[in-house]
Amino acid sequence: MPIRTRPTTWRTLATAATAALTATLLTPAAADAAAPRESRPVHSYADAVREAVWVDTGLDEDRDGRTDRVAVDIVRPREAARTGRKVPVIMDASPYYSCCGRGNESQTKTYDGHGDIVRMPLFYDNWFVPRGYAVVGVDLAGTSRSDGCVDVGGRSDIQSAKAVVDWLNGRAKAYSSRTGGERVRADWTDGSTGMIGKSWDGTIANGVAATGVEGLKTIVPIAAISTWYDYYFSQGAPLYGSGPDWLARYVQTPEARENCTEVARKLTDGAPRTGDRTPLWTERDYVRAAKKVRASVFLVHGMQDLNVRMQHVGPWWDALGKNGVRRKIWLSQTGHVDPLDFRRAEWVRTLHRWFDHELKGIDNGIDREPVADIERAPDEWVTSTAWPPRGTHTVTLRPARGAQDGVGTLGLRPGRGTASFTDDPALDETDWATRIDTPTPEKAGFVTRPLTRELRLAGSSRVTVGVTPSTPTAHLSAVLVDLGPDTVRDYADAGEGIVTLPERTCWGPSTEGDSSCYRETRAKTADVGHTVVSRGWADLGEHAGTGRGEPLVPGRRYTLTLDLAATDHVVPRGHRLALIVAGTDRGLIDPPADTPTLTLDLARTSARVPFVGGAAAFARATSGPPVTAPRTAPDGVRPPAATAHRVPGETR
């Protein structure tokens, strides 16, 4: 349990004191003899070894005539070093250690007069070093104290961290300074390495795992990217008003900015705003290399993350499973938020047990527990033994014309006729869902009858449209919506589903320069009349699936399949499930050059949705005696108003 800095009961203090006394009396030898089911805090955090080394990446991206070295800050238990006991490593490789900070409180690294680490951001060192781990913070190439260039998920980024794993396993060189010749060996570690990190940091963990590097035993990617193309585009539709060149400038050092003009040019030229798939994106696609992954994966993501969107979860998760990778997953209702800030105590406990099992080989049973934890409502969690759950089957739903023109139905029977809408870049998914029962010109909406029993969606959906545009360019959005009242995390709020409180709780011992105490949070909720379950976007010019867009012929019908993000959501009894097809989703994709009217051929339009229980479950939930839909204010959570220059790693 954490130690709280606000007033607590005597029982909490007594429990904490007893735990601390027990930890003090235990020695490493005694801990081994007791064969604990978890590592114990038997090492002094205050006396830990703190040092810096520079690992040679073998690359010369900044073209200064010598290979680039990346700065590696290390905190490790001194007692283990004295007795010759080798320890495993928990590593976070990041571009944010000096420019932007890590965590909800934007912590940066700090150093003493000798250049050794004083504050390592986040709680990992405070918690795990006393338990017999080394914690390593790597400055990616071109950032903070490292040489080289930022190439946003490419060879330099990934090699920055992979080289450190190689050094920890005796396969790479490290030095005691950035330019000196004194070699340093990692003779204090057994080489077993786990990588962790949120957003860009977690993305690097994905990328390093996709190299198959030996010694990387596990990764814990939090809100991480699995393919960089899908961060900037969705099937050709641009998600942001900038590209990777802007992101590199955001994090790189002045030195890198001066020396890395060639890398910057490649980032600009290789990522055209047309949305075409180029070799630059192929290099940054970790899903296609999933067959190389040896490490286990504990994946954490917010189902309403509109920064690193859930499109990064489904393909990566499925590819890892196909490769036989041991997996675990947490899915929250938050946006781009670290689990320390939405499920703190359970997160520390679970992460501790995961690293114990994967890096220390402790048989604590975590590998036999449910694979998935899903936040069903704010702070209410359920588990699944597999994810998607066993018995989940994809069901083909068909849109059809309804009794009222412009308000369609959604069911198992094929529809006929057409439905038309005109792109309105001033509107978004909330506008569409709010007016689902009203004919409006900017959308085509289709709804089930009120459900007679709950219906669970789990996994990724796909929507295929037969559509005729009126202009040479057109973007499409497809959205699945739960129509009915609910209380959800307000993921579009500045905290993306959390409120930060003044009180702090502490996770491990502190020093004067490195506190283990972090501000508490609570759920920021919103009462809504509908909930967006899953989203997908595409440029209709990508209909051929070649990776290159083409001008459309007005009046010609095209077939396009939109990939919707993975999710896990229960539509309650009395609610309705809606499919909305529209144009530009304001704030989430950029508009096309034209303002098209699009006509859906309903006979050639369908949605393939994964339901627990399959078609039989959908049929049961949409049959039986009529159920009255609950009356409620129709508004939902409104997505952000703008998308330009979002940064993977910041909480907005």
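**Aromatic rings, disulfides and cavities in a predicted model**

Both Tyr229 and Trp281 are buried, where buried is under 20% relative accessible area, exposed is over 50% and partly exposed is in between, with a 1.4 Å probe and protein chains only. The model here is predicted, so to speak of a local feature takes a pLDDT of at least 70 and to count a side-chain atom pair takes 80 or more, while totals for chains, interfaces and linings use all residues. Residues are numbered from 1 along each chain as its sequence is written, and side-chain values use heavy atoms, with hydrogens and water left out.

Now for the rings. Across the whole structure, a search turns up 22 aromatic pairs. Rings of Phe, Tyr and Trp (its six-membered ring) pair if their centres lie within 6.5 Å; planes under 30 degrees apart are stacked, over 60 edge-to-face, and the rest tilted. Trp228 and Tyr231 make an edge-to-face pair, because their ring planes stand at 70 degrees, with the centres 5.9 Å apart. Trp228 is buried, with a relative accessible area of 0%, and Tyr231 is buried too, at 1%. The rings of Tyr229 and Trp281 are also edge-to-face, since their planes meet at 80 degrees, and their centres lie 5.8 Å apart. Tyr229 belongs to helix H7 (residues 229-232) and Trp281 to helix H11 (residues 279-283), so this pair ties together parts that are 52 residues apart in sequence. Helices (H or I, at least four residues) and strands (E, at least two) are DSSP runs, numbered from the N terminus. Ring pairs also build a cluster out of Tyr96, Trp200, Trp228, Tyr229, Tyr231, Tyr232, Phe233 and Trp281.

The charged end of Lys109 sits over the ring of Tyr97, 4.2 Å from its centre, and that of Lys328 sits over the ring of Phe298, 5.9 Å from its centre. To count, NZ of Lys or CZ of Arg must be within 6 Å of the ring centre and within 35 degrees of the ring normal.

Next come the disulfides, pairs of cysteine sulfur atoms within 2.5 Å. The structure holds 3 of them, and with bonded cysteines counted along the chain, they follow the pattern 1-2, 3-4, 5-6. Cys99 and Cys100 are joined with their sulfur atoms 2.1 Å apart, in a left-handed link with -85 degrees about the S-S bond. Cys99 is partly exposed, with a relative accessible area of 34%. Cys149 is bonded to Cys260 (S to S 2.0 Å), and both are buried. Another disulfide connects Cys506 to Cys517 (S to S 2.0 Å); its torsion about the S-S bond is about 100 degrees, so this one is right-handed. Here Cys506 sits in strand S24 (residues 498-506) and Cys517 in strand S25 (residues 517-523), 11 residues apart.

The whole structure has 9 cavities of 30 Å³ or more. On a 1 Å grid over the protein atoms alone, a cavity is a set of points where a 1.4 Å probe fits but cannot get out, and lining residues have an atom within 4 Å of a point. The largest cavity has a volume of about 150 Å³, volume being the space filled by probe spheres set on the points. Its lining has 15 residues, with Met303, Gln304, Gln333, Thr531 and His569 nearest the centre.

Notes: On a 1 Å grid over the protein atoms alone, a cavity is a set of points where a 1.4 Å probe fits but cannot get out, and a pocket is an open set with protein on both sides within 12 Å along at least five of seven lines; lining residues have an atom within 4 Å of a point.
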